Amino acid sequence: MEITVDQMYNIENKGHDMGFLKKFMMENAGAAAVKRLLEKIGDVKSKNILIFVGLGNNGGDGLVMARHLTGYGAKVTVMLLGNSNKIKTEESNWNWSLLQKMPSVKLLSGNSLKFDFKPDIIIDAILGTGISGEIREPYASAINYINETDCYKFAVDVPSGLDPQTGETANIFTKCDMTVTFHKMKQGIPKRKDLTGELFVEKIGIPPEAEEGIL
Ligand SMILES: NC(=O)C1=CN([C@@H]2O[C@H](COP(=O)(O)OP(=O)(O)OC[C@H]3O[C@@H](n4cnc5c(N)ncnc54)[C@H](OP(=O)(O)O)[C@@H]3O)[C@@H](O)[C@H]2O)[C@H](O)CC1
Ligand SMILES: [K+]
């Protein structure tokens, strides 16, 4: 079954109000995404993984992935696309603060896209269901960097720039090798398998009762 983005937000909020906090959803989303990535890539030990992180909860999922991938021995660099005091939500901030206690993870923020390594894997955790309008900086430069870099590319929830409701693309958008979306498929995503690459939907523990009155 495919659902609308509005339905997804309503289910998330109802689950949160039931006590299955968005923080738990984010943890399960990041963990499920890492599981799929590892299934594909196999061993990530010593691999250079560059994670582009937006200031919303799509970015938050990327922060969770950074912690899990580091636990599997990957060399993780997180590029926060903005100032950390502009991170939008409590659950995303929680994960940023956790990473600040982990010297094993390299944290960068701001808008310089100069890196002293070539990534083996790039994770696009820039934009998800909260996308609106033309892509603004510094997200635009990050999307261009991703498209210009030759390596394996993984999209969190949806390739950034693709509207998960309509399947239309913004002025720029990422083209990825794999996409993992969460809970249920959003109506627009399967329309662009050329951008999503291999497409998976993963349950993240939301109680089925959270869908009552919504689906
Ligand atoms: N579905 C689930 O159960 C779960 C989903 N999760 C993840 O959460 C995101 C949705 O998070 P949200 O914070 O609502 O939105 P995004 O992160 O996608 O984007 C919001 C930020 O992006 C900025 N933005 C929006 N449009 C543009 C644009 N065209 N150019 C530049 N920047 C843009 C926006 O900025 P504002 O100034 O508009 O506020 C926000 O900063 C979902 O996709 C999943 O990945 C949960 O984590 C787990 C459960
Ligand atoms: K994304």
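Residues are numbered from 1 along each chain as its sequence is written, and chains are lettered from A and ligands numbered from 1 in the order in which they are written. Because the model is predicted, local features need pLDDT of at least 70 and side-chain atom pairs count only at pLDDT 80 or more, while totals for chains, interfaces and linings use all residues; side-chain values use heavy atoms, with hydrogens and water left out.

Strand S2 covers residues 48–53, where helices (H or I, at least four residues) and strands (E, at least two) are DSSP runs numbered from the N terminus. Since 6 of the 6 residues of S2 are buried, the strand is largely enclosed by the rest of the structure; buried means under 20% relative accessible area, exposed over 50% and partly exposed in between, with a 1.4 Å probe and protein chains only. Asn-48, Leu-50 and Phe-52 point one way from S2, whereas Ile-49, Ile-51 and Val-53 point the other way.

S2 runs parallel to S3, to which 6 bridges join it, and S2 also pairs in the parallel sense with strand S5 (residues 121–125) over 5 bridges, pairing being assigned if DSSP finds at least two bridges between two strands. Ile-49 stands opposite Val-76 in S3 and opposite Ile-121 in S5.

Thr-89 is found in the loop between strand S3 (75–80) and helix H4 (90–100), and counts as buried because its relative accessibility is 17%. A polar atom of the Thr-89 side chain lies 3.2 Å from the backbone nitrogen of Ser-92.

Definitions and conventions
Polar contact = N/O pair within 3.5 Å; in protein donor to acceptor, adjacent residues only side chain to side chain.
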